[in-house]
Amino acid sequence: MNSFFKYFTDIFYAVKSLLTGMKVTGRYFFSPWEIVTQQYPENRKTLKMYDRFKGEVIMPHNEHNEHRCTGCGICETACPNGSIEILQAKIDMPDGKKKRIIDKHIYHLDMCTFCGLCIKSCPSEAIVWGQEFEHAVFDRSKLTKILNKPGSSIIKDIVE
Amino acid sequence: MKEIINLPVKNVEEEEYHINMGPQHPSTHGVLRLVVSLQGEIVKSLKPHCGYIHRGIEKMCEKDTYPQIIHLTDRMDYLSAHINNHAVCMLVEKALEVEVPERVTYIRTIIDELNRIASHQLWWCSFGMDMGGLTCFFYGLRDREKILDIFEESFGSRLLHSYYTPGGLMMDIHPDFQKNVKAFIKYFRKKIKDYDDLLTGNIIMQLRTKGVGILTKEDAISYGVTGPSGRASGFACDVRKHHPYGVYDKTEFKEILGTKGDTFERYMMRMHEMLESMKIIEQLIDNIPAGDYKAKMKAVIKLPAGEYFQRVEAARGELGVYVVSDGNKSPYRMKFRSPNFSNLSVLDHISRGCKIADLVAIGGSLDYVIPDIDR
Amino acid sequence: MNFSIYDFTSFNQWIDKFLFDNLPAFWAIVVEMTIIGLVVLLFYALVGLFLVYAERKVCAFMQNRVGPNRVGPYGFFQTIADLFKLLMKELVYIKNADRLLFNIAPFIVIIASFMAIAAIPFAKGLHAIDFDIGILYVIAVSSLGVVGILLAGWSSNNKYSLIGAMRSGAQIVSYELSVGLSLITIIILAGTMQFSAIVEGQANGWFIFKGHIPAFIAFIVFLISSTAETNRGPFDLAEAESELTAGFHTEYSGIKFAFFFLAEYMNMFIVASIAATVFWGGWMPFHVGGWAGFNHIMDFIPPLVWYFGKTFFIIWIMMWIKWTFPRLRIDQLLTLEWKYLLPINLVNILIMAFIVLMGWHF
C-alpha cells in the first residue's frame, strides 16, 4: 500500500517540478522586453566601448603630428611575444651630436595578446589602448601596423 | 531460465565496440578525445587522449620574465583567468617577500570570487546543455555577461584579463566598480532562482544525476580530485579555508561538503558555491581600504635561487604553481598543477557501467576545461 | 456552385462533377489525384517552412533572445534562405555506406508523414480522403517513419547513427502503444474511428470537456507519447545532440538532411492536428450545449481558423515542453512508458468505458 501511494506522490511531485520549469520559460516567452540582445551592426553609431577597453595599441598624435615616443624600445622588450618591433633612425642634432629617434614603431596586431605590458612599461606614455574593436580584414598583412604616422616627430619636451 | 542466461555467446570482450567522443564532439567542451569502449549503451571503460591543445605553456614560461608569465596563465583555465594570475603573483610576492598593499588583496579577493561566479555560471550553462536543456545555456550566459561587463569596464577585457601583476594590479579599479558589483549581486540573487526552477528541481535532471557517477572520498583523495568535484565527495580541500590567502581569513564563508559524491552533489556544490561567493563579495565590497594599487617593485624581477610553490583555489579545484629559480629573471623550471587534469583522470573510474548519456552528465559535472588539461 | 469558407463539400463536389463530366472516369481520377497531390505537397512545404521559423522564434523568446531577425521582416524569410542553402549544399557520399538504403531512408521518413496528412480534415469537406478507420490509418502510416530512421542509422556506417537509430526503434515501438491507447479512450467516447464523424460528434462540446477527467488524462498522455513518437525533446534521444552529435542523421547533408528536418516538423504538425481533431474538436467551433446564441456567434469564425488555431496552440505547447526540459535517458524513457503511461492509460480506458456505459458523459 505504501508503494502504491508512493507511485502517485512521485507522479505528483514530478509533474509539479516540470510545471515549475515551464513557468520560467513561459514567463520569459511572454515578457519580450527582458531581452538583452544588442542589435550589433545597427547600433554601431551609439555603441560606445568602455574607456579602458583594450581594442588595439595606438600612439596618439597631437595636432602638429607629434607623438611622445622616443624609440627607447622598452615596450619591445616588455612584449612577451614579439608583437612590437622598433626601428630606430639616427639624426644629426643642430649641436653636431647624433640622436637616435624612432623610425618605425611596428605593431603586429595579429600576434598581440592584449596583456598591456608595453603600455604599462612605457616611460613616456607614448602608447595607449585604443577602443577600436572591428579588426576583421581580408589580408593578414593589414594587421601589421606602423603606429607613428609618416612625417611625425617627437614632442619637444620629452626627454629620455 | 538458466539456459537462456547461459546462451553460448561470444567472448564479452569481442562484443565491445569503441567510439571516439571527440576531438570534435559537442559534449567534450573542447578538443578532448575520449575513446569509449561500449557494450550496447553501457560504458565499459574509457581512455582520455589529451594533448590536442597543448601549447607548451610551461616551457614558454622558461623564456619569459615573471610579469610576462602572467598572460600565459590566463590561457590555461581561461574561465578562471584572474585566479590563475593570482597564483603566480602571490608566488613572486612570496619569493621576494614583498608586502602588497591591503587594497590590492581586497580587490584581488573580490575579483577572484566574481571570476568564480562567472565560471560557475558558464559551467551551469554547459551542464544544462549536456543534459539536453538548451534553454539553460542562454540564461547562464546572459547573467555571466553582467560580470564580464564589470570586468570590461575595469580592466578592458572580458575573458583574458592579465590584470594582476607581481606586486599589485595593472591599474586601479574603475570608480563605478563597487556600485556595479552590488547591482550585479542584487540582480543575480533574483536570477539564481530561475536556475533552480529550471534545472535543479527538475525531475528529469534529478533522476539522471542522482546516484550516477559516484566518487567516494577515498577515491577523490587518491586521484587528487579537488574543487567542487572533490568537496562533493566529502573531501575538505578548499584552499581558501585551509591555507587562506588574500583576505579569505577575514571573511565568513562555509566550506560546503557533500556526502554522496554523485553527479547531483557535484552539481549542488557549484550552485552553493555561487551563493557563498556572493556572500564573500558582499562582506568585502564596502570595505575596500584606500591606498595604493601596487607595491613598489624593481623594474626587473629576479627571484632568488630556490624552489617556490603557491596554491590557490581556482574555480575547478586546487591550482598549484611550482617554480625552480636559478636567480635569473625567468624561471629555470615552471610547473602548474592544474585541477582539471586530476579531475579528468577520475572520469574512467566513475563512469564505468554508466550509459553514454550518464558519461556526458558526469563529464559536465566534472566541468573540465581542456586548455587547462593540456596547457 | 455556392462556395463558402464554412463548408467545402459543395466546392469539392463541383470540381468532382466538372472533371467527371468532361473527362473519362479514369483520367478524371488521375487529375483529381494529381491536384490533391500538388496541393498537399505545397501545403507540406509551406507549413514545414513556417514551423521551422516558428520554432526558432518561439525558442528564442523562451531563451530570452530575439531569434532570426535578419532576412526579411522579423526574419520571416530566414527558413527560405536556409532551404536554398540546403538545396545548394553538397550531398556527401559516405564510404562503405549502404548506398541504396542511405538514399532511400529520407524518402521513407517523408512519405510516411505525407500519407498521414491525407486523412486529416482541415475543415468541413476539406480532406483528401475520409476513411471510416481514419485513426487507425493515421497511426499505421505515421509509425512507418521509424523504418526510415532505422535504415538511416544502419546504412550510415557510423556508430553514433546506429545507436541513435536503435534508441529510436525502442522508443517508437513503446510509445506507439500509448498513442494508440489514448486515442482508443476517445474512440470509446465517440463510437467511431472516422475523422469526420469524430468532428461532427463534437458539435455540442469538445471531447476534452465531454469526456470529463479521463479525456483530459488521455490528452496529456497523448501529448507526451506523441512528442516521444516524433523524436522531439525531451525525448530526442535518437538525435541526442550532446551525446550522439546528431544521431541517425549525423552523416546526412544537404537536401537529404532537410528531408529529415522537414519530416520532424511535419510529424509534429500531424500529431498536433490529430490531438486538435480528436480532443479539441478539429475545425468545430467552440460550442456549449444549449447556448444557441453563443454557438451561433462562434460559428461565424471560419473552421480553418479554428483548426489552425488549435493545432498551432498544441504545437506551441510541444515547443514549450521541448525548450524547457533536459533530455531523458533511454532506460528512464522506457520506464516512463511501461511503468507510468501504459498502466495509467489502461485504467483510463476502463474508466472511460464505464462512464460511456453509464451515460455519465455530457
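This is a predicted model: local features need pLDDT of at least 70, side-chain atom pairs count only at pLDDT 80 or more; totals for chains, interfaces and linings use all residues.

Colleague: How many helices and strands are in chain B?

Modeller: Chain B has 17 helices and 8 strands; these are DSSP runs numbered from the N terminus, helices being H or I with at least four residues and strands E with at least two. Its radius of gyration is 22 Å, close to the 21 Å from the globule rule for 375 residues, so chain B is as compact as a globular protein of that length. That radius is taken over C-alpha atoms, and the rule is 2.2 Å times the number of residues to the power 0.38.

Colleague: And what share of chain B counts as buried?

Modeller: Of its 375 residues, 62% do. Buried means under 20% relative accessible area, exposed over 50%, and partly exposed in between (1.4 Å probe, protein chains only).

Colleague: Why is β7 of chain B called largely enclosed?

Modeller: Because 8 of the 9 residues in β7(B), residues 317-325, are buried, the strand is largely enclosed by the rest of the structure.

Colleague: Which way do β6(B) and β7(B) run?

Modeller: They run antiparallel, joined by 9 bridges, and a hairpin links them through 2 residues. Strands pair if DSSP finds at least two bridges between them. B:Tyr308 has B:Val323 in β7(B) as its bridge partner. β7(B) is also joined to β8(B), residues 333-337, by 5 bridges, again antiparallel, with B:Gly320 partnered by B:Arg337.

Colleague: Switching to chain A, what's in the turn between β3(A) and β4(A)?

Modeller: That hairpin has 5 residues between its strands, and A:Gly96 in the turn has a positive phi of about 90 degrees. The two strands run antiparallel with 9 bridges, and A:Ile91 has A:Lys99 as its bridge partner.

Colleague: Last one: is C:Ser155 buried or exposed?

Modeller: C:Ser155 is buried, with a relative accessible area of 2%. The residue sits in helix α6 of chain C, residues 145-155.

Colleague: What does C:Ser155 touch?

Modeller: Leaving out residues up to four places away in sequence, C:Ser155 touches C:Ala97, C:Asp98, C:Leu101, C:Phe102 and C:Tyr252. A contact here means heavy atoms within 4.5 Å.

Key
Residues are numbered from 1 along each chain as its sequence is written. Chains are lettered from A and ligands numbered from 1 in the order in which they are written. Side-chain values use heavy atoms; hydrogens and water are left out.
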